[in-house]
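Welcome, and please bring up the model in your viewer.

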Amino acid sequence: MRLPSRIRPPRLTLARSLGFVLLAAVVLALVSEALSSYNDLQLANGAYYFAVLAGLTLLTGLSGQISLGHGALMAVGAYTVALLIGNEHWPVLPALIAAVLTSAVVGVLVGAAATRLRGPYLAGVTLAFAVGLPALAGKYPSTFGGANGLVINPPTSPSWLGQSFPLERWEAWIACAGALVVLFAIYNLVHSAVGRSLQAVRDDEIAASLCGLRVARLQTLAFVVSAACAGLAGGLLTLVLQLAAPGAFTLGLSLALLTGVVLGGLGSILGAIWGAALLVLLPIWSNDIAHAFSFSTNVTNNLPLAIYGLVLILAMLLWPSGLQGALGLLGLRVSTSLKNRASTRYPVGGAGQERAAARRGGASPPQGREEEEVR
Amino acid sequence: MSGKRTVRVVGCVCVATIALIAGGCGSKGNSTGVSSTSVTFGTHQPLTGPAAPGYSEIAPASVAFFEYLNAQGGIYGRKIHLIIKDDVYNPTQTVNVVHGLVLNEKIFGIFEGLGTPTHTKVVSFLNTEKVPDLFVASGCPCWDNGTAQPYTFGWQPNYTIEGKILGQYIKQHFASSKVGVFYQNDDFGKGGLTGIRDELPASQIVSAQPYEPGITNVAPQISSIKASGAKVLVDFTVPIYTALGQLASFTLGYKPQLVSSSVGIDPTTVGGLLKTFSKGKAGTELIEGAITDGYLPSVGEVSNPWIALFKKVHDTYDSSAPFDGNVEYGMAAAYTLAQALQLAGKNLTREGVVKALNEKGAQLTGPGLVPYRYSTSDHGGYAGAQMGQVKGGVITQFGPRLITTPEASSPITTYTTPQAAPPTTGVSVP
């Protein structure tokens with residue numbers, strides 16, 4: 001059984017998706033004009049989070065590999081940009097391309113190891129990577145600046161935008177441009193033969209290899225693509241903060257990224273947008289909530305983290321398939337009830353269908369749903 | 001009829017134009033964050049994380065002192081507010097929270113932003129945005145350049161000045177002892193090391209071991225200093241690493257004379273940390289006899305009128321915190337901020353407060369034992385310090401008050417002007 005075609009997003013061809021990305025660029029540019037400097041900065045933060053989450057959702061949602069090390073891959077991109085712009089005075093675009101290539105190369109190495117490992121062992125290796133790599137900055141302080149980090153000058157906006165063009169808006173534009181490139185690439189990859197092969201590998205490796213798919217090569221490819229996205233995100237982060245320091249790429253970041261894709265909705269690009277928005281907004285909200293009460297300073301100082309944890313637990317209990325899954329389910333319910341209201345000829349079947357949909361969507365992540373449908 | 005109306009309209013336009021021009025003249029300069037009844041500052045502080053022990057008391061103590069002043073009507077009728085943001089001593093977080101304070105909360109200025117690795121990442125942003133960056137809570141030499149960073153002002157003595165004063169003491173009293181230095185691997189530790197090297201012959205410093213903030217094991221550094229045969233251990237460390245270093249020394253059976261910069265030796269803080277880390281087995285006795293320097297009167301000196309004032313404010317507004325060096329620091333810096341606002345005059349602008357500090361900052365007197373260095377080109381804070389020693393869990397100060405400059409081989413001289421007592425209300429300015 002297939003999902004009703006109404007709730008499936010229409011599949012876009014290459015040209016149409018390019019058109020959509022350009023439209024999104026215009027919308028984002030208009031939005032950034034309307035926002036204050038501070039919110040432009042938050043938009044930029046959200047954009048680079050989206051870049052890394054889109055890559056991670058490809059890796060985890062589509063190819064079924066888990067990575068706790070994407071924070072470290074962001075660090076690779078971040079330090080590449082900081083070194084190239086800070087020391088070699090490269091322009092922004094080549095530095096970002098270099099960040100993508102460098103992190104892709106690191107992705108090849110980690111990905112090659114990753115294909116030989118499964119489940120908790122893969123998580124373990126990528127975890128070690130997340131812990132170990134940023135520590136290199138402290139090991140070679142003369143190159144990487146130690147805990148102090150590397151500082152770069154803010155990117156200067158082109159002269160045709162005028163002298164008074166706010167720096168924060170320019171940063172938001174750069175970050176959004178990067179995010180849209182990632183969106184275009186990942187969308188078309190997911191809906192290509194490679195994307196379908198990755199899904200086949202995720203669902204059953206043995207069946208996929210019997211069909212002639214090269215499992216290890218596909219899994220490595222997924223890792224490299226997601227590493228490249230993470231590298232771009234790291235480079236964008238450096239441009240926005242004008243700083244690459246190990247404190248930005250803690251284990252906490254790697255875990256937050258995984259949280260972001262799961263909360264947003266695993267395996268869906270829209271989910272990556274929700275995830276990015278949550279990663280930017282949740283810390284701000286939890287901080288505001290913590291300060292809304294007059295607790296003792298020790299409680300107030302540590303409350304944001306506790307609220308953050310509580311939200312995660314609640315979200316996982318209420319929407320195990322993430323925000324995108326919850327919205328999809330809501331859409332399904334609305335469309336079913338509309339259908340019921342329109343035709344009263346099959347009232348029993350309609351309600352049963354709704355219950356079944358609720359059970360499927362609510363209890364298992366999207367890939368589980370597909371499996372059940374196949375059966 | 002219509003002629004009369006024209007005259008009236010023209011008259012209105014003229015009046016409005018004059019009012020606009022006059023208004024423009026009156027508010028010359030930027031007064032974001034200022035109203036007729038309040039002025040709002042923001043700060044980034046390590047409320048949680050590795051630097052939080054001790055340092056998390058500083059900004060709340062400043063707020064307590066502002067509350068004391070606000071209860072008397074504030075400065076020119078403006079109450080001073082301080083928005084405190086936690087940056088976990090993580091430079092990336094510092095950038096985020098300072099962007100938020102300046103762009104979103106519309107603060108007048110940053111006050112007492114804490115830490116060298118953290119604050120260095122926002123100085124360029126604050127100066128580009130022309131936001132006053134007053135009295136950075138760090139003695140990094142990097143705040144001193146008033147020409148390159150006109151909006152940033154230091155407050156506590158430059159670490160190189162501290163290093164020189166500590167170095168001179170070692171030269172005078174431990175001339176034949178080998179010296180080992182344990183320092184934070186950033187501009188804080190390196191600034192201090194520069195001062196020590198300026199005073200001591202290179203052959204006397206047998207080992208200099210850096211640590212990266214965030215690590216938890218300092219035994220390799222301490223055993224390396226022990227192996228070099230150093231009899232004097234100089235610490236340029238934040239309190240948590242002073243404590244870890246002393247515990248490592250204790251475990252290794254290494255008993256050098258400890259000489260610590262004022263930054264890392266507050267006995268209440270370090271003693272508490274030692275107690276926590278050793279699960280109650282050790283405490284202040286591990287830093288007993290340590291030599292240090294100080295630029296404010298010791299909190300143990302109850303007869304000092306400034307300590308009496310701060311204790312009174314502490315007991316009224318901040319009694320949940322221990323009355324220690326961190327609380328004194330926060331209140332003394334708050335007093336200086338209030339003085340700066342008083343100097344800047346009734347029409348408070350960002351440019352005005354900078355101009356006032358450039359012109360009259362060096363004449364300010366207050367809780368400090370030594371004068372400030374403020375001038376248009378030099379934004380360094382206190383010009384020196386007095387030596388002190390940890391005795392019975394408190395710092396006892398001794399000897400003359402010493403002043404110098406960070407320049408290599410500039411002389412260390414004695415400062416003799418007696419300390420003025422605090423005013424009964426408000427703040428006093430020259």
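**Stop one: a leucine and its neighbours**

Select L236(A): leaving aside residues up to four places away in sequence, L236(A) touches A47(A), Y48(A), A51(A), I174(A), A175(A) and G178(A). Touching, or contact, means that two C-beta atoms, placed from the backbone, lie within 7 Å.

Before going on, a note: this is a predicted model, where local features need pLDDT of at least 70 and side-chain atom pairs count only at pLDDT 80 or more, while totals for chains, interfaces and linings use all residues. Residues are numbered from 1 along each chain as its sequence is written, and chains are lettered from A in the order in which they are written.

**Stop two: the core**

L236(A) is also among the residues with the most contacts inside the largest nonpolar core, alongside A47(A), Y48(A), A51(A), V52(A) and A54(A). That core has 226 residues; such a core is a set of buried Ala, Val, Leu, Ile, Met, Phe, Trp, Tyr and Cys residues joined through C-beta atoms within 7 Å. Buried means 20 or more other C-beta atoms within 10 Å of a residue's own. Now colour helix α10 (residues 215–241) of chain A, which gives this core its largest share, 17 residues.

**Stop three: chain B**

Select domain 1 (38–157 + 299–382) and domain 2 (159–294) of chain B, with bounds from an automatic or database domain assignment. Their centres, over C-alpha atoms, are 27 Å apart. Across the boundary, 18 residues of domain 1 of chain B contact 18 residues of domain 2 of chain B.

Note on methods: Buried ≥ 20, exposed ≤ 12 C-beta atoms within 10 Å, placed from the backbone. Helix = DSSP H or I, 4+ residues; strand = E, 2+ residues; numbered from the N terminus.
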